[in-house]
Amino acid sequence: MTLATPEAVPTPRRTAAGVCATARIAAAARGGTSTLPVLDGDGPFELRRLHSRGTEARVCVVGAMSAPLGGDRLRIEADAQEGAALHLTTAAATLALRGPTPEHATYDVRLTVGGRAQLHWLPKPLICAAGSNLRQTCTVGLSPTARLVLREEQILGRKGEPPGHLTTRLTVRREGRTVLDQQSAYGPGAPGWDGPAVLADHRAVGQLLVVAPEFEEHSPDARLLGGDPGAGRCIVTPLAAAPALLVTAVAPDGLRLRRLLDAAQTASVPRGWALA
């Protein structure tokens, strides 16, 4: 096992082909709390321990350089081992920019949650600036007794500018069986992304996924949240193949998207889960 402090991470360097970097995080249950036997940052990923909350180990990912840019290959791997509780966030929004090469950038997140473990993946928003081209994936592997709260927010373009191109895919497997696999594409070159069937005039989109064994007994009902369609809407949908719910939201901007997801999170996450 590897333990790397932020001071031990080498200074990242960018080449003409882009940055290739991986951050690895693991939480283990030890003595009634959760420890971090693996905390290994690389390239633009500087990993900082936060004060634990109850039995939960908490980590913040801090950007050590501008990324992702065209040609970058970035990856985060996080593992909440059996009985552990892990909370992951980022210090600031992730800004995807045009890079020195015409190549697209990739940002892959892989989460694994063991038996009786829980993992919260709650990063700040992803902003796709004009001219950027990013392919983002999130792949989750769950045990049957695992708990997960996953939240993602994507903002298409900074204020007053057109969006970059974004392709995003979320795949969730529980006991090795796929329970959710969805892919979306937005921005220049994506067919119909700004039409009435997708985002229309909205430029912010997000989702909240909650997986909890408690939903085996009390499955949430599908419902629509948000009053004024012009201010954004979100829909809560239970998954048929797992004790889980998926909240999908669209809004004109990041602030109103966050308000919608905050309301859905408060209403949907079982009591007793620390998310702040």
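Residues are termed buried when their relative accessible area is under 20%, exposed when it is over 50%, and partly exposed in between, with a 1.4 Å probe and protein chains only. The structure is a predicted model, in which local features need pLDDT of at least 70 and side-chain atom pairs count only at pLDDT 80 or more, whereas totals for chains, interfaces and linings use all residues. Numbering runs from 1 along each chain as its sequence is written, and side-chain values use heavy atoms, with hydrogens and water left out.

Thr-137 belongs to strand S11, strands (E, at least two residues) and helices (H or I, at least four) being DSSP runs numbered from the N terminus. Contacts, defined as heavy atoms within 4.5 Å, link Thr-137 to Tyr-107, Asp-108, Val-109 and Arg-169 when residues up to four places away in sequence are not counted. The side chains of Thr-137 and Asp-108 are joined by a polar contact of 2.5 Å. Such a contact is a pair of N or O atoms within 3.5 Å; within protein, one must be able to donate a hydrogen and the other to accept it, and residues adjacent in sequence count only if both atoms are side-chain atoms.

Arg-174, in strand S13 (residues 165-174), counts as buried because its relative accessibility is 9%. A polar atom of the Arg-174 side chain lies 2.6 Å from the backbone oxygen of Pro-144. Beyond four places in sequence, Arg-174 touches Leu-142, Ser-143, Pro-144, Val-179, Glu-216, Ala-242 and Pro-243.

A nonpolar core is a set of buried Ala, Val, Leu, Ile, Met, Phe, Trp, Tyr and Cys residues joined through side-chain atoms within 4.5 Å. The largest such core has 56 residues, of which Ile-25, Leu-86, Leu-111, Leu-119, Val-140, Leu-150 and Leu-209 touch the most other members. Strand S8 gives the most to this core, with five residues. Another core, of 19 residues, lies apart from it and includes Val-236, Ala-249, Leu-261 and Ala-264.

The lining of the largest cavity, where lining residues have an atom within 4 Å of a point on a 1 Å grid over the protein atoms alone at which a 1.4 Å probe fits but cannot get out, comprises 15 residues, with Trp-121, Pro-123, Lys-124, Leu-126 and Gln-136 nearest its centre. Strands S8 (105-113), S11 (133-142) and S12 (147-156) each supply at least two residues of this lining.

Notes
On a 1 Å grid over the protein atoms alone, a cavity is a set of points where a 1.4 Å probe fits but cannot get out, and a pocket is an open set with protein on both sides within 12 Å along at least five of seven lines; lining residues have an atom within 4 Å of a point.
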